[in-house]
Amino acid sequence: MADIETSSNNVSPDSTDQQSSTGSNVEFSENEEMLITMVYNLVGERWSLIAGRIPGRTTEEIEKYWNSRYSTSE
């Protein structure tokens with residue numbers, strides 16, 4: 001029984017990598033952008049708190065949005 005193949009149930013690592021790499025192009029509504037800015041001004045870089053105020057958004061999405069929009073080039 002140790003010879004049973006289970007590869008049919010495995011998800012290709014490439015497919016999940018592609019999904020996460022395209023996540024940086026997520027669109028935010030104007031209301032979401034305003035809310036992110038307002039909460040950021042109150043709590044700073046506490047991305048999980050900010051994401052908790054926006055239904056359907058993850059901490060990673062919020063942080064990627066902020067860094068792509070407001071990061072400073074040194």
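This is a predicted model: local features need pLDDT of at least 70, side-chain atom pairs count only at pLDDT 80 or more; totals for chains, interfaces and linings use all residues.

Residues are numbered from 1 along each chain as its sequence is written, and side-chain values use heavy atoms, with hydrogens and water left out.

Let's begin with α2, which covers residues 30-43; helices here are DSSP runs of H or I with at least four residues, numbered from the N terminus. Its buried residues (under 20% relative accessible area, with exposed meaning over 50% and partly exposed in between, for a 1.4 Å probe and protein chains only) are Glu 32, Ile 36 and Val 39. Seen down the axis, they fall within an arc of 80 degrees, so they line one face of the helix; the arc is taken from the directions from the helix axis to the C-beta atoms. On the other side, Glu 30, Asn 31, Met 38, Asn 41 and Leu 42 are exposed.

Now for the salt bridges, each a side-chain nitrogen of Lys or Arg within 4 Å of a carboxyl oxygen of Asp or Glu. The count comes to two. In one, Glu 32 pairs with Arg 57 at 2.8 Å. Arg 57 sits in the loop between α3 and α4, so this pair ties together parts that are 25 residues apart in sequence. Arg 57 is buried too, at 17%, while Glu 32 has 16%.

Glu 33 meets Arg 69 in a salt bridge at 3.3 Å, linking α2 to α4 across 36 residues. Here Glu 33 is partly exposed at 21%, and Arg 69 is partly exposed at 46%.

How values were computed: Helices (H or I, at least four residues) and strands (E, at least two) are DSSP runs, numbered from the N terminus.
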